[in-house]
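Open the structure in your viewer and keep the selection tool at hand. We will go from stop to stop, and at each one you will see what to select.

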Amino acid sequence: MLQGNDGPVPASWMASDFDAYPQQGRSYVVDIPHRHKYRMGSCGIAGCINTDGSMISGSKIEKMITTMGERENGLGAGFVCYGLFPDYADEYCLQVLYESDQSRAGLEEYLSDRAYIIKDEKVKTVAVPTMKPPFPLVWRYFIRPKTNTESFWRKGLDEEDYMVHMVMQINQADNGAFCVSSGKNMAVFKGSGYAKEIAQFYDIGRYKGNMWLSHSRFPTNSPGWWAGSHPISILDWSICHNGEITSYGVNKKLVEMAGYKCSLLTDSEVITYLWDLLVRRHGLPIPAASFAMAPWYYKDIDRLDEQLRQLALQLRITYKEAFLNGPFSILVGRSEPNVTMIALADRKKLRPLVMGVSEDGNSVFAASEECAIKAVQKDAETWAPKAGNPVVVRLGEGIVRRGTEAPFQGVRL
Amino acid sequence: MSVQTVVRLPEKYRPVVDHELCLRCKKCVRACSYEVLEFKDDRIRPKPGCVACLRCVYECPAQCITVKEMEPQFAHHAVFDPVLRRSIIAQSNSGGVLLSSCGANVEYMDIFSHLLLDAAQVTNPSIDPLREPVETRTYLGRRPGKVTVTDDGRIDLQSSSTPLVVMDMPIMIGHISLGSISYNAQAALFQAASELNIVAGTGEGGLHADFYKHSKNLCAEVASGRFGVTSHYLKEVSSVEIKIGQGAKPGHGGHLPGEKVQELVSQTRMIPLGTDALSPYPHHDIYSIEDLQQLISVLKESTEYQVPVGVKIAAVHNVGAIASGIVRAGADFITVDGLRGGTGSAPRVIRDHAGMPIEIAISAVDQRLQEEGLRDKVTLCASGSIRSAADMIKCIALGADVVGVCTAAMIAMGCTVCQQCHRGMCTWGIATQRQDLVGRLQTPVAAQRVVNLFRAWNEELKEMLGAMGIDSVESLVGNRDRLRYIGPNPRIAEILGVKHSGEGWG
């Protein structure tokens, strides 16, 4: 729920002032830094969801992520909130970072050709003295794609794929605009800075939703690039990722074959597209998609009952390019068909992942470290999900999987 | 009346005997099928014609023989090097096409040596394969591209299942026919494949009755001569491969001289004794891609869709587009054989000058199939001078699911790469049908040596994967991010899709 957008905007934040910032070389606020093609990192992740539908304030997730200060180095942080726009729940919400007013005009022209802009507004941002300028202009659009145009049917895509295509096109172009989220009833708030600073920059405490995920970065090789921070999002998917994918070149092949364009050039980006491809487009149940990304060893697969062994082998062989090798723990958010949090660690569990649930069972937490959970919910009962075993928590349903079950529990054959 | 045109060529190699140590046992004389050594005047004396096969060195109990490479006898010339002058003289002698064997013998084509692998440091942990599992199991065959999910959310295992062959390592022993090599040699290769649980190619000569016990580890070759191909044979094996071409001689068929077609080969190939087994250059029922599609269908029908059917092509300039056509024609796997690939007999001109190195070819095919959205449907096998585990690992990173190996397996059995296979006088009992020579190869020993070699390569593969922080080989297939180029020609790196050494992730 948006709590209004009425805060005073400091004079220095007027859009027209953007070009007045001293530009030493290239700024890399929005467009892809050319010399930097790929980034790796280790990070902190945190998430919370209220399964009874009650709202969570942004300050709670801020508390969680900033508790793990050891895990970041000021080169990126971000938040994503689900259940944020109940009044516009059926519209795609584009949240866009702009380099200048000019780039905004350009993108708005592009958008109005392809979509009805139901509402647009400037996203409130607050000057944070400790952060390094320049800063982007952040704008929000509620849109509905024009599905009756020639340009739509000529692409031969359905509405969601058309949205993916649009976002890919926007983010590929060197246009001073970067679309950081594009899903329904959710939005991403991210940038270059410490989690504390990013929370201040967006005044994250003014937002409330059913679910929050957040991320703080410790990249080993990074320019200050706002769009490259996490969560990485497409449609209603968003990913917070701690780890390094050693199979990146292989995973990239698969998503590129499926039409996704890797424009962020972080390994985390392919994970987002893999979820969209496997679950939305191929229709795989979440435990099956998780198995494809973090499969069992063959020696363990061979011990399964015949039918499950066949299923495991078929997933592993068919989706061998979806196998995320190397250490990771990820939090995945989705708003359709219902707000859902998925937490998954790699099959060796080389990155930490802890879950927690409040005494009344309505609030569920996920984090890199237990302290982040205890900081906001002292009485939380915590547990560690198993390697490669997904945790699924859904609004209205509660904890669907604890990450300790048999691999295909809930998958129907 | 014909004119005597033959001029003697200068010797290339000569066995040198230390007469002080020599026991005069004459084992070396019997060992040399090329009849280079003779015993005369109480001494072992060499005659011209040594090929440096080293059998005499191996057999000599006194270890008193060394084979000396002779200084080129020609006056120095920078352009007409001794190799060229020898070829010209040999051709002026005979008027014929020069034959040779093994792979291309030219130095400028090795790109593997210009590629470096990555390893994990700090940001991701490397894995010790002795402490944690690193998987090398590999499947050969078509993949459906997606797992079928029904409208009501059930996973339908039936409709997306395809015939697959499982292998314990991403290594296939290439196609070497009975005829080009001896019964004992083929028996050893097949036995090794069974023991390693990998696949070995049968070559184009059909399958000898004794070898059906290994059929679950065999890939049947259907080449243009169709020698020995019966529906019974095709149903017994684990996979079938249509051979369009071979890297050592793209555009050529097989050639087995009549002298090698003795009882054993005649029965297996189903041809009369002593006749030349010449397979046509093209398949005469495949003059276009739609014809290939028909043959693939025919083979799938005859095997009742129970085994994967693949196509092997030589690496030629347009290999990417050809491979994509082959996938669309229904092939379940594709083998690309590079220019340096081995052969039992090929014209030297084509062996050394036609085609493309496997590094470039496999990379081009992998990239082309990816561009066309076909790469997740098919298994890619790369062969043509995979000489070591390092070559294998680099080849996989360039896009191969499986590598095919022949020459290294031959060397494990005793071959010294003297390049005389086409003469059928192999002193090691490998590339020959002469009964006195075949018996020199002890099948169990040769098989065990091949097993040892590939086990060692697979361990090295695991070590390298672990060092890269990868715990399963499929996550290396086409993973060019983990390769860097360090050679003289950055344009090659560009074509391979590999960054130059010194360029990091960013």
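Select Asn242(A): it is buried, at 0% relative accessible area (buried means under 20%, exposed over 50%, partly exposed in between, with a 1.4 Å probe and protein chains only). This is a predicted model, where local features need pLDDT of at least 70, side-chain atom pairs count only at pLDDT 80 or more, and totals for chains, interfaces and linings use all residues. Residues are numbered from 1 along each chain as its sequence is written, chains are lettered from A and ligands numbered from 1 in the order in which they are written, and side-chain values use heavy atoms, with hydrogens and water left out.

Now show the strand around Asn242(A). That is strand E12 of chain A, residues 237–243 (helices, H or I, of at least four residues and strands, E, of at least two are DSSP runs, numbered from the N terminus).

Next, the cysteines. Cys93(A) is buried at 0% relative accessible area. Cys179(A) is buried too, at 3%.

The whole structure has 10 cavities of 30 Å³ or more. On a 1 Å grid over the protein atoms alone, a cavity is a set of points where a 1.4 Å probe fits but cannot get out; lining residues have an atom within 4 Å of a point. A volume is the space filled by probe spheres set on the points, which are joined across faces, edges and corners.

- The largest cavity: about 110 Å³. Select its lining, including Tyr298(A), Arg316(A), Arg137(B) and Asp401(B). Helix H10 (306–318) of chain A and strand E7 (138–141) of chain B each give two or more residues.
- The second largest cavity: about 100 Å³. It has 15 lining residues, and those closest to its centre are Cys32(B), Cys50(B), Cys53(B), Leu54(B) and Cys56(B).

Conventions
1 Å grid on protein atoms, 1.4 Å probe; cavity = no way out; pocket = protein on both sides within 12 Å on 5 of 7 lines; lining within 4 Å.
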